[in-house]
Amino acid sequence: MSAVAPVAASLSPGVSRHRLQWTALAVLLIAACALPFLVSNYRTFQFTLVLVYAIALLGLNILTGYNGQISLGHGAFYAIGAYVAAILMDRFGVPYWATVPIAGALCLVVGFLFGLPALRLEGHYLALATFALGVTMPQLLKNKALEHWTGGVQGIVIVKPDAPFGLKLSPDQWLYLFTLAITVLMFVVGWNLIRGRVGRALVAIRDHPIAASAMGIDTARYKSLAFGISAMYTGVAGSLGAIAIQFVAPDSFVIGLSIGLLTGIVIGGLASIPGALFGAFFIQFIPNIADQISKAAPWAIYGIFLIGFMFLMPMGINGAIRLGWARLRHRLSAQRKGG
Amino acid sequence: MEAFLHQLLGGLATGGIYASVALALVMIHQATHLLNFAQGEMAMFSTYIAWALINAGVPYWAAFFLTIAFAFLLGLAIQHFLMRNLRSTSVLQLVIVFIGLIVIFNSVAGWIFTYTIKDFPSPFPKGYLFGQKYLSPHELGAIGVTMVVLTLLWAFFRFTSLGLAMRAAAQNPVSSRLVGIRVAWMLALGWGLAAAIGAVAGMMVAPIVYLDPNMMAGILLYAFAAALIGGIDSPGGAVVGGFLVGVLENLLGAYVVGNELKLGVALVLIIGVLLVKPSGLFGSVQVTRV
Amino acid sequence: MSTPLLEVVDLHAGYGLTRVLHGISFSMEEGSITTLLGANGAGKTTTLRALCAMIRPQGEVRFRGERVDSRATEDIVRLGIGHVPEGRGTFVHLSTEENLRLGAYVRKDRAAVEQDFDRIYGYFPRLAERRRQQAGTLSGGEQQMLAVSRALMLRPRLLLLDEPSFGLAPLIVRELFEILRTINQKEGVSILLIEQNAAMALDLADQAYLIETGRVVLSGSAAEVRNNDAVRASYLGY
């Protein structure tokens, strides 16, 4: 995974840095593949969720980090993805692996459609509108009219798939590897997207919308596209999450989820691909840590973490790492020159 | 016809509460150009303080005013110690800070007071007044209290020199400094007042919806809708918007979408206003220069 | 020799990394009208802003002998310095009368404030006509008068004016400057005037300083500066 944002060029290229990055990436990938065989089933399940969140966060980052459109309602797309998977598997017997692309495609369309009216909203107002979406979603899911499909307040239970081809893997292990493969795929696609023309257009629109359109970028199309793509990612994540947790119910998708996703990308690092992974670790494990710090009010600790991050590390974990790395390199090269 | 009137008048009662919270939102927006997403949780927390006081034996109205004082100080503190130091951060980071506040208030309230739903007393006598059956005494009282608060606020801003200074500081901080107004204090006062209004709203609504940490979330959404409909920079508009939204919520909930989707009404209103007429009914159109 | 009203020594200031003032020094006597002249971007407005701590200055600024360069704007106002900023700084959503009342915000002498309303309306009858009108709807000239009046409501010892003639018809400018002369002579208000309209400024002022790229390059009485050949060529056009 490259840590280079599309517009900022790295200051000291050199073959060694790239090779370092690729090596690190390879090591990470190998470690990730080995993981389910080294830890318990429960831990593997937790890491599956980390991957799921990472996909969702990458999607949200495309919209909010790279394109500057704030969304406090992405939990809604996650919920749609989850329910699509659950309904297809439970009511229609669709195999689990097919539900993922279907969820993604549906969310792509829904996201794009939502992106159209959102074109006219900025900053706080977009946050407010998406916030309203996020709050309303559980109510919609509980609606009596849709109960036949959604299972109403009870929700839907689904079965975790077994490993195929008779492989000697537990369902948790197989699901982890399946999710890992999809995660890698989504990240590679995302990386290419951001490095390319689309990514540059998105960032240009974020930083100087008027200049961007004056240069001939169709801001409306790209902004709606960003919404659609980010919703697709989140929908894919939602479907994978539903399969992992084996259960969907309206109260799993309350506004807290949307809030968690947004905080995830800000903490992890806006407009960065590794940030999605850091953020995923944060939202999966920090509530547990907060719980340990204070059994009584874990979310208060979480909230304090959030505010603290905004004061101390506004660029997120990824930003802090890059800053630290740059400082280290500066010091090393200064030492070399100074002798 | 009876049912309709019932919904209409009940809508006015809740509308008064939305109007108060919407006014608090507009006040903070005017002064800081921020939407205070944490307004609802602050109000909820203040209401719990009132509950604790009443439970400890403090008479209602004493607890009422003590809570207002507490809320005032709370709002002041948040602006002075937290928001003031965040001036140079981006919109997104500010939203995260608000989220942090929401989460902290919600969680601390749940921790100190538990998540079980509580009764909150109403200071108004039982038994329907004036021989009518449409508005309970509490609903009538809530409307009354709302009107008193709004009138006092209006008079404060219109006739006192401090109110004038606060209006000036919100509109034009640079010029305000040039006439000697301490703008930072004015912002803190604004936050304090907004928090106090929120506390009143919370204490008026708690007897109706029962006290629990998630009490204000839906109300906040309606209040945002109201503030937007009225015009985010128009205090009068916020008040009108509040009553409008209260009535709409009840009527649409009763006759069109059903009670479960009432919150969906807020969503549609918010998005609708932002798309069709972002300056609201009474606000002014903002022109941004390139 | 009495203490000058205003003493500025080696003033440096700027906006972020852009330094605009590179060591401005000048002084003003009580009761005088002093003008700072210079082209666009020379640093005149920046000087006024630094005096009022709207931007943070380095160097010394003394008002009536006291150092004020590290004080906040709100405190400097309370010492009796009224600033009519570039662009007027009108509270456009408030009424004319409210604007004036804000000018007297720091004063505690209520009765005198009410009297001052009458005095100001005496100087500027047009403002009296429009007292309840929203200030943003006043014409440019009226808003300038309002801005000056607002500063006068402070009963300042020193009035800072940043390009009061900007965008105004010559007749109105003449009217305004006459009133400034009256205020200076009758009420002893010292005036520090920034103007691009060098001719009118030199007509009104006693002392003048010429600023170029953040430094004082010429100083003297208004008459001397007016007769300086270089000034005549570059700023007066004859």
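This briefing describes the chains of one predicted model and the places where they touch. Because the model is predicted, local features need pLDDT of at least 70 and side-chain atom pairs count only at pLDDT 80 or more, while totals for chains, interfaces and linings use all residues. Residues are numbered from 1 along each chain as its sequence is written, and chains are lettered from A, with ligands numbered from 1, in the order in which they are written. There are two pairs of chains in contact, and of these chains A and B share the most contacts; two residues are in contact if their C-beta atoms, placed from the backbone, lie within 7 Å.

**Chain A**

- Chain A has 14 helices and two strands, where helices (H or I, at least four residues) and strands (E, at least two) are DSSP runs, numbered from the N terminus.
- The radius of gyration of chain A is 20 Å, close to the 20 Å that the globule rule gives for 339 residues, so chain A is as compact as a globular protein of that length; the radius is taken over C-alpha atoms, and the rule is 2.2 Å times the number of residues to the power 0.38.
- Along its principal axes, the C-alpha trace of chain A spans about 70 × 50 × 45 Å.
- Buried residues make up 50% of the 339 residues in chain A, a residue being buried if 20 or more other C-beta atoms lie within 10 Å of its own, exposed if 12 or fewer, and partly exposed in between, with C-beta atoms placed from the backbone.
- Of the contacts in chain A with a separation of 6 or more, 78% are between residues 24 or more positions apart.

**Chain B**

- The secondary structure of chain B comes to eleven helices and zero strands.
- Chain B has a radius of gyration of 19 Å, close to the 19 Å that the globule rule gives for 290 residues, so chain B is as compact as a globular protein of that length.
- The C-alpha trace of chain B spans about 55 × 45 × 35 Å along its principal axes, and 56% of its 290 residues count as buried.
- In chain B, residues 24 or more positions apart account for 75% of the contacts with a separation of 6 or more.

**Helix pairs within chain B**

- The axes of helix α1 (residues 2-32) and helix α10 (residues 235-257) of chain B come within 6 Å and cross at roughly 140°; axes are lines fitted to C-alpha atoms, for helices over the stretch in contact, and angles run from 0 to 180 degrees between N-to-C directions.
- α1(B) and α10(B) are therefore oblique to each other, since angles under 35 degrees count as roughly parallel, over 145 as roughly antiparallel, 65 to 115 as roughly perpendicular and the rest as oblique.
- The residues of the contact of α1(B) with α10(B) divide into 16 nonpolar, ten polar and one charged, where Ala, Val, Leu, Ile, Met, Phe, Trp, Tyr, Cys and Pro count as nonpolar, Asp, Glu, Lys and Arg as charged, and the others, Gly among them, as polar.
- The axes of α6(B) and helix α8 (residues 183-209) of chain B come within 9 Å and cross at roughly 105°, and these two helices are therefore roughly perpendicular to each other.
- Where they meet, A165(B), M166(B), A169(B) and A170(B) belong to α6(B), while V183(B), M186(B), L187(B), L189(B) and G190(B) belong to α8(B).
- This contact of α6(B) with α8(B) has eight nonpolar residues, one polar and no charged.

**Chain C**

- Chain C has ten helices and ten strands.
- A compact globule with 238 residues would have a radius of gyration near 18 Å, and chain C has 17 Å, which agrees.
- The C-alpha atoms of chain C fill a box of roughly 45 × 40 × 40 Å, taken along the principal axes, and buried residues make up 45% of its 238 residues.

**Contacts between chains**

- The contact of chain A with chain B takes 34 residues from chain A and 32 residues from chain B, and α5(A) gives the most to the side of chain A, with 13 residues.
- That side of chain A has 24 nonpolar, eight polar and two charged residues.
- The contact of chain B with chain C takes 15 residues from chain B and 18 residues from chain C, and the largest share of the side of chain B, six residues, comes from α6(B).
- By class, this side of chain B has seven nonpolar, five polar and three charged residues.
- No contact joins chain A and chain C, whose closest C-alpha atoms lie 21 Å apart.
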